[in-house]
Structure formats: C-alpha cells, structure tokens
Amino acid sequence: QDVSVNNIPTDGVKISPGGYEADVAPRPNGNGDGKVSIADWTQVGRFVAGLDTPQEGTEFQRIDSAPRSTLGDGKITIADWVQAGRYAAGLDPVMAAGSFTAPIGAQLVQPLRATSELSGNTRNVRIANTYFQRGHLGSAQIELDVAGNENAVAFSLNFDPKQLSFVDATVSNGATGAALQVNKSQAANGRVGFALALPAGQQLAAGTRTLLTLRFIPNGGDGEVVTNVSFSDQLLAREIVDAWAAPIPQVSYAGGAVTIRGRAAANVSAASYVEAELAAESIASAFGTGLATMTAGAVRLPLPNTLGGTAVKVKDALGVERNAPLFFVSPTQINYQIPAGTADGIAAVTITNGLGEVTAGLLHIARVAPGLFTADASVKGWAAAEVVSVASDGSQTLSQVARFDVGQNKIVPVPIDVTANGAVLVLYGTGIRQRSDLGQVKVKIGGIEAAVEYAGAQASYAGLDQVNVRLPQSLAGRGDVTVELRVEGRGANSVRVLIR
C-alpha cells in the first residue's frame with residue numbers, strides 16, 4: 001500500500017535501537033526476550049486496553065509499533081495490537097525498535113497511516129436498543145456494518161451506574177475467533193473500555209455483524225425507566241483498523257437506549273453504594289420498598305439470619321443457597337453480609353419480610369470488590385480511618401482522621417501529622433480480604449504511591465476489612481488529598497484525608 005507520512009517531530013524521539021518492535025514479553029524486565037511471539041501480541045493487547053501501564057523509554061518504544069513505516073506515532077492504540085500480531089505471525093519481518101520513547105502531545109504533528117483500500121466506505125458501529133427486566137440479567141449487543149477488511153475494533157462505553165451494573169462481555173458470532181480485552185477499572189463510574197482483535201491477517205466478513213454481547217444487571221427500582229449507553233474515548237479511544245494495522249477513518253458511532261421494567265431491590269456495596277459487584281464475606285446494602293415491616297439492628301456476634309421477621313438468602317452461580325447474616329433491617333434498607341463460600345458469578349438475592357412478601361434482586365460475585373467507608377457515609381468524603389503514630393520510645397498513639405463537630409453539625413477532618421515517626425494510615429473497607437497477595441494492593445495518597453503493610457480482615461467486626469498504609473513524609477503540607485485504593489486492578493471509591 002502507498003503510505004503518506006508527514007514530517008515527524010524530533011522532540012521525544014529516540015531512533016537508536018532498543019530491541020525489536022513489539023517485543024515486550026515477558027514483563028517486568030522491560031527488555032523482552034529477543035523474539036516476537038503470541039505472548040508479545042497478548043501483552044501489547046493488555047497495554048492497549050489499559051490493563052498494564054507501559055514504562056517510558058524502550059518499553060513504550062517497542063509497544064508503539066504502528067504505523068510500521070515510521071516505527072510508531074507516539075501513542076498506543078489498537079493499531080499497535082494489530083501490528084504486533086502481524087510480527088508474531090510472520091506476516092511482516094520484525095524491525096529494530098525506534099521512534100518515540102514516550103507519548104507525544106496532541107499539539108505535535110501526527111504521522112499519517114496507510115489508508116485502507118476500502119476506507120471510502122463508512123463503518124457504522126451501534127448499540128442495539130433493548131429491554132431489561134429488573135431481577136434478571138440484561139444483554140445488549142454491539143453491531144458493526146463491516147466492509148470486509150476490518151481486523152480490530154476499540155472503543156469505550158458510558159452508562160449510568162445508578163441504573164446499570166456492568167457484568168461482562170463475550171465475543172459474538174460476528175467476530176468468532178477474536179481476542180477480547182476489557183478494561184473494567186472505572187465500571188463503578190459507568191465507564192468500560194473494549195479492545196477486540198482477530199488473529200493476524202484475518203478480516204471480518206462483510207455485512208452487518210454482531211461483535212460483542214454485553215451483560216448488565218439492571219439496578220433495583222420500580223416502574224419503567226429509559227437509560228442510554230453511549231460510545232466515548234474515556235478509557236480506550238474509538239478506532240477501527242484493517243488487517244494491515246491501518247486505521248479506517250470514516251466511522252460513525254450510535255448509542256442505544258435500554259428500557260428497564262419491573263421491580264427489584266438494589267444490592268450494592270455498603271461502602272461505595274455503587275455497582276452490584278461484591279465479594280464473598282463483604283458487607284452489602286439492599287435498597288427498595290417493603291423490605292421489612294420494622295426497623296431492627298443486630299446487637300451481638302455472630303450476626304443473626306433473621307431480624308424483625310426479615311430474612312435474606314443468596315443463591316450463588318452454582319445453585320447453592322445460603323442464609324445471609326444481617327446487620328440491620330428497615331422497610332427501605334437492609335445491611336447484610338454476603339455469606340462465606342458464595343461462588344463467583346451471578347447470584348440471586350431473595351428478601352422475605354415478616355409478612356412473607358418477597359423482593360428479588362441480583363448480584364455479581366467477584367473474588368475482590370474493594371470499597372472504602374467514609375466517616376459521613378457520603379462515599380467520597382473524609383475517610384473512615386485512623387492514624388497510628390509511633391513515638392521515639394516505641395509507644396503508639398491512635399487518632400481519628402475525622403470527627404463530628406457539634407458547632408458545625410457535621411463531620412470535619414482531623415489534620416494528620418505525617419512527620420511523626422512511622423505514621424500509618426488505617427483505612428476501613430470491605431471486599432478486600434480475598435486478595436491474592438499483598439503486592440496486588442496499591443494505594444496512592446495525593447498521587448504518591450504509599451507502602452501497603454496489611455490488607456485483610458479487621459478482627460472485631462463481621463465483613464469489615466482494613467488496609468494499613470505507611471504515610472509518606474513527602475505529603476507534609478499538602479492539605480486535602482485523595483486516597484485511591486486498587487486491589488488486583490479493581491478500584492475502590494476514592495476518599496479524602498487532610499494532611500498537616
């Protein structure tokens with residue numbers, strides 16, 4: 001194909017070899033293994049989907065391999081995934097890495113990529129309108145009007161997390177054999193990214209094709225509501241590329257409407273109040289009407305399975321039904337613990353009040369589903385946390401991160417002294433204890449990564465987890481900062497602390 005290339009800016013460009021283009025596996029040595037294989041194709045796909053973060057330098061340089069004629073263009077997109085596949089399959093001879101070692105600014109001139117021979121045909125990507133029934137899984141489909149040379153598609157979707165909870169996505173028969181990467185890191189905020197690619201050299205068959213089937217849990221409520229699912233670039237930029245890793249410029253995107261009907265309880269994390277994805281043994285809240293005939297709370301451990309005549313049962317994906325331990329019940333809200341041993345997958349929740357009236361709902365059970373509690377139950381307010389400071393004589397002082405101010409009639413922060421020797425922030429949350437290893441628990445405070453010393457069950461309260469974080473002294477004087485927790489790539493709701 002003829003390739004027209006603009007002059008490439010030299011700022012941020014390194015032409016000297018840094019290994020082979022697309023040779024990025026295994027990580028984390030950053031140097032690849034001297035060959036380009038299917039493992040490299042898979043790893044590049046993870047970078048494209050935002051599941052792994054590339055290091056600036058030679059690793060970024062090798063990932064950014066499209067267009068091949070310029071050894072990259074200073075950005076990582078699905079075209080790089082396709083080009084890596086062509087190298088791995090031997091369709092293109094591997095090349096020594098060169099060009100950009102870091103992302104370039106939007107103001108710089110972008111090199112033009114090869115133009116597809118079918119680029120004159122506009123591709124239409126759409127979400128088919130559909131109906132969901134509360135208390136049941138709902139499916140939505142992504143369709144593409146295929147011209148016949150498309151190899152890979154990337155896009156992000158936005159939806160209202162108050163109405164829908166994303167569960168998963170599967171490749172449909174219109175893209176049989178394609179690999180799929182899904183970025184769910186912001187699913188709790190109503191954003192999910194998708195990258196779909198056929199094996200190297202293959203092309204989608206011409207015609208209208210269903211590429212993906214997405215599954216959602218319609219959140220609880222009563223009556224009919226219409227909500228929209230739309231395309232965006234917030235996690236993965238929208239792009240379609242052909243089998244030669246050339247972007248297809250003429251693409252239109254049309255979102256779809258989801259009509260939700262029926263009645264069901266909304267089952268969410270008691271910490272974050274969003275997204276119907278929870279972990280076994282975590283603390284859940286159910287919202288609805290007629291959930292109980294009275295208000296009652298548990299007064300001792302172990303937690304009861306019945307309060308005020310109300311009971312909650314959870315049937316997991318394997319068909320095993322268990323009684324849920326109860327913290328609190330009222331006509332409009334119930335706080336309960338996901339039973340230990342609940343299998344991953346879609347679970348059905350059945351709430352029966354003292355009159356025998358039943359309210360159903362759904363949950364998505366995952367191994368980890370981190371959420372952090374806030375002192376004012378506002379989800380994003382001051383952290384429900386403590387600080388442990390160690391004096392020079394080894395004695396420890398425990399202080400709160402927030403307190404109730406009677407004069408102001410609200411929760412106010414207590415400034416944290418990070419210059420104290422060995423100050424540790426103790427965060428309280430839920431859905432954390434099933435993490436695989438401590439290295440998979442990451443915390444940033446004011447954008448600074450902090451050392452995590454413990455992440456697991458809190459010993460005194462059912463379902464409560466804690467994360468102990470060493471406070472960096474470099475935070476001194478920062479004031480109001482955000483605390484961000486990620487467990488095995490899953491983000492919790494962000495909370496705040498005040499640094500002196």
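A nonpolar core is a set of buried Ala, Val, Leu, Ile, Met, Phe, Trp, Tyr and Cys residues joined through side-chain atoms within 4.5 Å. Buried means under 20% relative accessible area, exposed means over 50%, and partly exposed lies in between (1.4 Å probe, protein chains only).

This is a predicted model, in which local features need pLDDT of at least 70, side-chain atom pairs count only at pLDDT 80 or more, and totals for chains, interfaces and linings use all residues. Residues are numbered from 1 along each chain as its sequence is written, and side-chain values use heavy atoms, with hydrogens and water left out.

**The cores**

The largest nonpolar core holds 32 residues. Ile 142, Leu 157, Phe 194 and Leu 214 have the most contacts inside it. Strands give residues to this core: those that give two or more include S3 (138–146), S4 (150–158), S7 (191–197) and S8 (207–218). Helices and strands here are DSSP runs (H or I, at least four residues, for helices; E, at least two, for strands), numbered from the N terminus. Another core, of 30 residues, lies apart from the largest one. Among its residues are Ala 383, Val 452, Val 467 and Leu 471. In soluble globular proteins, nonpolar side chains tend to be buried together.

Which residues does Leu 157 touch? Contact means heavy atoms within 4.5 Å. Leaving out residues up to four places away in sequence, the partners of Leu 157 include Ile 127, Ile 142, Phe 194, Leu 214, Val 229 and Phe 231.

**A helix pair**

Two packed helices are described by the angle between their axes and the distance between the axes. Axes are lines fitted to C-alpha atoms, for helices over the stretch in contact, and angles run from 0 to 180 degrees between N-to-C directions. The axes of helix H1 (residues 38–48) and helix H3 (residues 78–88) come within 8 Å and cross at roughly 180°. H1 is therefore roughly antiparallel to H3, a term for angles over 145 degrees. On the H1 side, the contact includes Ile 38, Trp 41 and Val 48. On the H3 side, Ile 78, Trp 81 and Ala 88 are among the residues involved.

Is H3 enclosed or open? Of its 11 residues, 10 are buried, so H3 is largely enclosed by the rest of the structure. The buried ones include Asp 80, Gln 83 and Arg 86. Buried residues of H3 pack against H1, helix H2 (58–63), S4, strand S6 (179–183), S7 and S11. Just after H3, Gly 90 takes a positive phi of about 75°.

**A buried glutamate**

Glu 239 is found in strand S11 (residues 239–242). Glu 239 counts as buried because its relative accessibility is 13%. Its side chain makes a polar contact with the side chain of Thr 77 (2.9 Å). A polar contact is a pair of N or O atoms within 3.5 Å; within protein, one must be able to donate a hydrogen and the other to accept it, and residues adjacent in sequence count only if both atoms are side-chain atoms.

**Backbone details**

| Residue | Phi | Relative accessible area |
|---|---|---|
| Ser 99 | about 70° | 3%, buried |
| Glu 281 | near 75° | 23%, partly exposed |

Ser 99 lies in the loop between H3 and S1. The loop of Glu 281 runs between strand S16 (277–278) and strand S17 (283–287).

The peptide bond from Ala 66 to Pro 67 is cis, with omega near 0°. Pro 67 sits in the loop between H2 and H3. Leu 301 and Pro 302 are also joined by a cis peptide bond, with omega about 0°.

Terms used:
Angles under 35 degrees count as roughly parallel, over 145 as roughly antiparallel, 65 to 115 as roughly perpendicular and the rest as oblique.
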